[in-house]
Amino acid sequence: MGGCSGPYSALDPAGPSAAGAAGLWWAMVGFATVTLIAVVSLWLYALRRRPRQWSQEQARRVHNRWIIGGGLVLPVTSITLLLAFGIPIGHRMLPLPLADSEVVRIDVTARQWWWDVSYPDSGIRLRDELHIPAGTPVDLHLTSDDVIHSFWVPRLGGKLDMLPGRTNVLRLQADEPGLYHGQCAEFCGIGHAHMKFTVRAHAPSEYAAWLEGATGDE
Ligand SMILES: [Cu+2]
């Protein structure tokens, strides 16, 4: 239960993409619980019921009913439900073109064992920290300079692998200003456990001020 809250909990979402993933998680837990109760109830029933005298024909029909119901209808229904929920949620993490709002672009290169963060529009470079405006979608262009790493801010969204020679784009958004924590989610060597970073989400006006201050310092 300790994992259900705190800075690294995906069950304490702070943005639309993380909220979708947390919702899906709860739906799957609910579905798994119902399935477990149903299976255990059937098992108890099977243990206790008195054996019936079925003709071969009757027994065959009952068997077929279980195979079609439990082996075809049940899995097809559950997989369809899972896809119906899962596909739109996965869609939210994709960097699709947006009609109304502007997207902030940040490039992140993973290295053993730190995060090289750069803002192509302003030339700002940071180490192990990101600054983003709250309430605005941010596209993270993720790549690696050495081995495979994975970018993960559990409260803001799903994880995405960072591969040498390839750039993957992850869209995140923080609904409220605050400090969010991230961690490399792909074992990448001896320093993996300490490969952490922070994401500071600012109110829009504060973000503009931060941007100005950070560019001025360069
Ligand atoms: Cu790593």
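The legends below describe several views of one predicted model.

Residues are numbered from 1 along each chain as its sequence is written. Because the model is predicted, local features need pLDDT of at least 70 and side-chain atom pairs count only at pLDDT 80 or more, while totals for chains, interfaces and linings use all residues.

**Figure 1. Overall fold and confidence of the protein.** The secondary structure comes to three helices and ten strands, where helices (H or I, at least four residues) and strands (E, at least two) are DSSP runs numbered from the N terminus. From the N terminus on, the elements run α-α-β-β-β-β-β-β-β-β-β-β-α. The radius of gyration, taken over C-alpha atoms, is 24 Å, well over the 17 Å that the globule rule (2.2 Å times the number of residues to the power 0.38) gives for 218 residues, so the protein is more spread out than a compact globule. Along its principal axes the C-alpha trace spans about 85 × 40 × 35 Å. The mean pLDDT, the predictor's confidence in each residue from 0 to 100, is 90, and 96% of the residues reach 70 or more; among the elements, helix 3 (residues 204-217) has the lowest mean value (85) and strand 6 (residues 149-151) the highest (97).

**Figure 2. Close-up of Phe85.** Phe85 lies in helix 2 and, with 16 C-beta neighbours inside 10 Å, counts as partly exposed, a class between buried and exposed (12 or fewer). Leaving aside neighbours within four places in sequence, Phe85 is in contact (C-beta atoms, placed from the backbone, within 7 Å) with Leu24 and Ala27. The C-alpha atoms of Phe85 and Leu24, which are 61 residues apart along the chain, are separated by 6.9 Å.

**Figure 3. Close-up of the contact between the two domains.** The domain assignment, whose bounds come from an automatic or database source, gives domain 1 (8-92) and domain 2 (104-217). The contact takes eleven residues from domain 1 and 15 residues from domain 2, although 37 Å separate the domain centres, taken over C-alpha atoms.

Technical notes
Buried ≥ 20, exposed ≤ 12 C-beta atoms within 10 Å, placed from the backbone. Contact = placed C-beta atoms within 7 Å.
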